[in-house]
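Welcome! Please take a moment with the sequence and the 3D view below before reading on.

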Amino acid sequence: MPRGLMQKLYDACKEVFSDAATGVPPSPAGVARVKSVLDEMRPGDVGLSSKVSFFRGTGGLGRPPVTYLHIYESDRFSMGIFCFPPTAVIPLHNHPGMTVFSKLLFGSMHIKSYDWVSDGSYPCVGAPPRMRLAKVHADATLTAPCETSILYPNKGGNIHCFTAVTACAVLDVLGPPYDDIEGRHCTYYASFPFSRFSDGSPGEKGLEWLEETEKPEEFSVVGAKYTGPRMLLR
Ligand SMILES: [Fe+2]
C-alpha cells in the first residue's frame, strides 16, 4: 500500500510537534500545515472501509463500543482512528494543555464542545466544589467530507463529546498526548444548565456547568489493529 498522505501527515507532525509541551500549541503555520494534510484525507488513505465489523451496531442491545486503531505515539504526539457504530458515544472529556486535530473520515457525527470560563464573573451558587463554568463552543453535526476540527489548550472546544449519527470514523492527532505523569490526565464531565447553580441571573447564552465524574461505566473503547499504510519513522 503506498504511504501517501499518512507519511505526509507523520512528517508534518514530527516537525510541527517537535517542541510540543503542555499548554503550548504549535505555531499558526504549523497548525495550518497539519490541517492541510488532514483536510485531504479520506478513508482509503488510512486503509479503512466502512464495511468492517467495528462499524456495525448492536441491534439496539445497549451502547455499541467504540474501536480505537492505534497508529503511532511518541512523547510529542499521537495518531489514531476512532471507529463508531451508529449511536456510539465518546462521553464529555477534556484535553488538558493539548492541541487536538480531529478529521471526520466518513459518516456523520454530532460534536458538542466547551471551553472553560475562567474570569470569575459568574458566582456559583450552591454548586458542588468540582463544578466549573464552561461556555459552549460547538453544538453541531458534521458530515464528511468536511474540514478538520482543531482544539487548543484554552480555546476551540477543549472539552468535547462525540455522538455517532451514522457509522463514522475520526482520525485524531494529539500533541502532546495524554500523560498522567506530565499532568495530562483525561477527565470526564457531566453537564448541567446554567440556571441550576446560578443566583437567578440568566447569564450569557451558551453557559453550562461541568462537573468532574468518573469514566461512565457504559463507555468502552476496544483496541484493534491498524491495517493502513505504515510510515517510515524518519
Ligand atoms: Fe477527545
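What follows is a short tour of a helix pair, some backbone details and the nonpolar cores.

This is a predicted model, in which local features need pLDDT of at least 70 and side-chain atom pairs count only at pLDDT 80 or more, while totals for chains, interfaces and linings use all residues. Residues are numbered from 1 along each chain as its sequence is written.

**A pair of helices**

Let us begin with helix 1 (residues 4-16) and helix 2 (residues 28-40), which pack at an angle of about 165° with their axes 9 Å apart. Helices (H or I, at least four residues) and strands (E, at least two) are DSSP runs, numbered from the N terminus. Helix 1 and helix 2 are therefore roughly antiparallel, a term for angles over 145 degrees. The contact draws on Leu5, Lys8, Leu9, Ala12, Cys13 and Val16 of helix 1, and on Gly30, Arg33, Val34, Val37, Leu38 and Glu40 of helix 2; being in contact requires C-beta atoms, placed from the backbone, within 7 Å. By type, the residues of this contact are 8 nonpolar, 1 polar and 3 charged.

**Backbone details**

| Cis peptide bond | Omega |
|---|---|
| Ala144 to Pro145 | about 0° |
| Gly175 to Pro176 | near -15° |

Pro145 sits in the loop between strand 6 (131-143) and strand 7 (149-151). Pro176 lies in the loop between strand 9 (168-175) and strand 10 (188-193).

Thr87 is worth a look too: its phi is near 75°, a positive value in a residue other than glycine. You can find Thr87 in the loop between strand 2 (78-84) and strand 3 (89-93). Is Thr87 buried, exposed or partly exposed? Thr87 counts as partly exposed, because it has 16 C-beta neighbours inside 10 Å; the buried class starts at 20 or more such neighbours and the exposed class covers 12 or fewer.

**The nonpolar cores**

A nonpolar core is a set of buried Ala, Val, Leu, Ile, Met, Phe, Trp, Tyr and Cys residues joined through C-beta atoms within 7 Å. The largest one has 44 residues, and Cys13, Ile81, Phe84, Ala169 and Val170 touch the most other members. Strand 9 gives this core its largest share, 6 residues. A second, separate core of 8 residues includes Leu133, Ala134, Ile159 and Leu210.

Methods: Axes fitted to C-alpha atoms, helices over the stretch in contact; angles between N-to-C directions. Parallel < 35°, antiparallel > 145°, perpendicular 65-115°, else oblique. Contact = placed C-beta atoms within 7 Å. Nonpolar A, V, L, I, M, F, W, Y, C, P; charged D, E, K, R; others polar.
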